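Please read it alongside the sequence and the coordinates.

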Amino acid sequence: MQAVDSRFLHNGPQPLPPEHRMSDVPLDRLTSETAPPAPPNVMIIFGAGGDLTKRKLIPALFHLCQGQLLPDTFAVVGLDRLEMDDTAFRTLMAQEVEKHLGASWDRATWDRLSERLHYMQGNIKEEDTYVALCERLTRIDAERDTEGNYLFYLAVPPSLFGDITRHLGTVGLTAETPDDWRRVIIEKPFGQDVQSAKALNGLLHETLDEEQIYRIDHYLGKETVQNIMVFRFSNGFIEPLWNRQHIDHIQITVAESVGVEHRGEYYEQAGALRDMIPNHLLVLLGFLAMEPPNSFDSEAVRDEINKVLDAVCPLTHEQVLTNAVRGQYGEGIMPSGEKVPSYRSSTGVSPQSGRETYAALKLTMDTWRWAGVPFYLRTGKRLAAQYTEVVIQFKRAPKIMFKDADVEQMTPDMLVLRIQPNEGIQMSFGAKIPGPQMRVGRVNMDFCYADYFGNAPATGYETLIYDCMHGDATLFKHADTVEKGWEIVESVMDVWTALPARDFPNYAAGTWGPAAAGRLLKNDGRLWRRIEMPQGRV
C-alpha cells in the first residue's frame, strides 16, 4: 500500500485555505510527491462492454491519468463479444465515462487516455481468441513499449474465471519471467460457501501462483478504510485504548438505500449474508481488530487479518437463533418520499421468496485484546440511507464523582469512522454545559476528508488498480481470507436454510431493518447508533 493517505490528496499537516484546496485545483496538476506513476503495462479487460467497465474501471483510469499516475507506456485492451473497432470503442467509452463523471470530466485528460484504448472482439471460451490476443499484445508492446507486463481484469461472472485463466495459461500469457509480470484481478463473489470458495481457489491455482491473483473489494479502496491503519498505528493516543480494557463494543454498518435493481435472479441465490458479510464486513473487522503488523508490507498486513478471522468464534447452530437476524423488505416509503415496491415484486424474484435482504450478526473473538468485546455487524437493502460506518463505543466512565450532579444524560464516548458518504472521522464525548450547575452534554468533533483535504473525484477503484500495477496486494484478499470468511458464516447459512423465515417481509422499505435487529443489541443493554445524515437525523 503505497503512500495511502496522500496518493490522490494534497499532503499537508494543516487544513488548506479554501483557495488552495484540492477541489479548486485542476486534477491534471496534482502529481503526488510520494506516488510515482505505475510501471509500463497493458490492462486487458474481459467483459469490456459491461457496466463495471463503463461505470468504474475506465473512470478510475481517467482519474489516474488526471493525477499523472499512469505512464506514457500504458495501454488498455477491451475484450468482449460485441462487434466494434478501436474507434467505436473509444466513442462509446467517451459517452459513458462523461455521463458517469459529470463535473470531473475533462476533455484534455480524456484525449490522453482515449488514444491508449484498444478493442478486440472475441469469444472468451474459445482458444482462438487468446491466440489473437497474444498477437495483439505483441504489437502493442512494440508500439507502446509496455515491456510485456499484463494486468488482466476479469469483469465477468465467476463461472468464467476458470475458462479465462486456463486459456491464458495455455497460450503462455500467465507465465512470468524476471523481466515482466502477469497479474489477474477478479471480482466477487469469491464462491458461495466454503466448498465452492476452495474449489474456485483450486481452479485459479492450477494456472496462477497466489501472488498473481488479486481478489478485489472496492470497499477497501475507500480512504477511510485505508486510514483505519494510519489512524490506529500512527497516533500514540489511540492504540493504548484499542482493546477490551476500554472498548465496550464495535458496530459495523453497511446500509444500502437501493433495492436489488436488476439483480433479482442473483440475489435469490445469494442474499444479504452471502453478498456482503464474508466479502466486505469481515474484512473491515479484520482491519479494525488486527494486531500491529511489523510493516505495511502486504504479507504482514494480510497475515494479521487472517489471524483475526481465525480468532472469531463461529456461531453454533443454537447461537444462530439468538445472535443472527435476517430480514426482507416489503413495500414502503423512502425518506425522499418515493414509494417503492417490496423485494418480492422485483424482476427475477419469487412472489413467495424467503431470501433475506437484511442480515445482522453478533460475533466475538477469543483473543487477549478482544475477549468479551462483541462486534455487531449489519447490512441490508432498501434501508433509510446509503451509509457505511464503523462505531467504536468506549466503556462508560464511573459516575461516583458525579453522584450529586445531573449525569442522567451521560452517554459513552464514541468514535465513528464514516466510510460513505462524507468520508471522515467523528469523536463524541462529554463536556460541561456552561452555567452554575454541573451538567454534562455531548460534544461532537467531526473531521471530513473533503473539508480538510478537498474532494478528489474517485470511484473506489483507483487505489486498487494502481496498487495492482505496482504489485502491492495489501488491499486485496488472500485465498485464506476468503475461505476463513465463509467458515465464519457457514453455520448461519446452514440454520437459515434449514429453518425458512416465516415472517417475511418483516421490515418496510425506508426503515432501518427488522425490529429483531434492535433487540440483538437491546438484549445486551446496548443500542445501534442513530445515523446522522447531512439533512438531519434518520
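## Helix α9

Helix α9 (residues 271-289) is made of 19 residues and reaches 26 Å from its first C-alpha to its last, close to the 27 Å expected at 1.5 Å a residue, where the expected span is 1.5 Å times one less than the number of residues. Helices (H or I, at least four residues) and strands (E, at least two) are DSSP runs, numbered from the N terminus. A bend of about 55° is found in α9 at Ile277, and a proline, Pro278, follows within four residues; the bend at a residue is the angle between axes fitted to the seven residues ending there and the seven starting there. Because 19 of the 19 residues of α9 are buried, this helix is largely enclosed by the rest of the structure. Here buried means under 20% relative accessible area, exposed means over 50%, and partly exposed lies in between (1.4 Å probe, protein chains only).

## Basis of the description

The model is predicted, and local features need pLDDT of at least 70, while side-chain atom pairs count only at pLDDT 80 or more and totals for chains, interfaces and linings use all residues. Residues are numbered from 1 along each chain as its sequence is written, and side-chain values use heavy atoms, with hydrogens and water left out.

## Helix α14

For helix α14 (residues 479-498), the 20 residues should span 28 Å at 1.5 Å a residue, and the end C-alpha atoms are 28 Å apart, which agrees. Since 14 of the 20 residues of α14 are buried, α14 is largely enclosed by the rest of the structure.

## The parallel sheet

Six strands form an open sheet with parallel pairing, in the order β3-β2-β1-β4-β5-β6; two strands are taken to pair if DSSP finds at least two bridges between them. Axes are lines fitted to C-alpha atoms, for helices over the stretch in contact, and angles run from 0 to 180 degrees between N-to-C directions.

Within this sheet, strand β4 (residues 150-154) runs parallel to strand β5 (residues 182-186) and is joined to β5 by five bridges, with Tyr150 standing opposite Arg182 in β5. Helix α5 (residues 161-170) packs on the sheet, touching β1 (41-46), β4 and β5, and its direction makes about 160° with that of β4; contact means heavy atoms within 4.5 Å. Strand β1 is joined by six bridges to strand β2 (residues 74-80), and these two strands run parallel; the bridge partner of Ile44 in β2 is Val77. From β1, Asn41, Met43 and Ile45 point one way and Val42, Ile44 and Phe46 the other way, and all are buried. With six of its six residues buried, β1 is therefore largely enclosed by the rest of the structure.

## The mixed sheet

Eight strands form a further open sheet, in the order β8-β12-β13-β7-β14-β15-β16-β17, with mixed pairing. The edge strands are β8 (324-327) and β17 (440-448), each pairing on one side only, and the twist averages 10° from one strand to the next.

Strand β8 pairs with strand β12 (residues 358-363) in the antiparallel sense over four bridges; Gly327 stands opposite Tyr358 in β12, and Val325 has Ala360 as its bridge partner in β12. Six bridges also join β12 to strand β13 (residues 375-380), again antiparallel, and here Tyr358 stands opposite Gly380 in β13. Tyr358, Ala360 and Lys362 point one way from β12, whereas Ala359, Leu361 and Leu363 point the other way, and all are buried.

## The chain as a whole

The protein chain holds 15 helices and 20 strands, and 57% of its 538 residues count as buried. Among contacts between residues at least 6 apart in sequence, 79% join residues at least 24 apart. The accessible surface of the chain comes to about 23300 Å², of which 50% belongs to carbon and sulfur atoms; such areas come from the Shrake-Rupley method with a 1.4 Å probe, and for residues only the protein chains shown count as cover.
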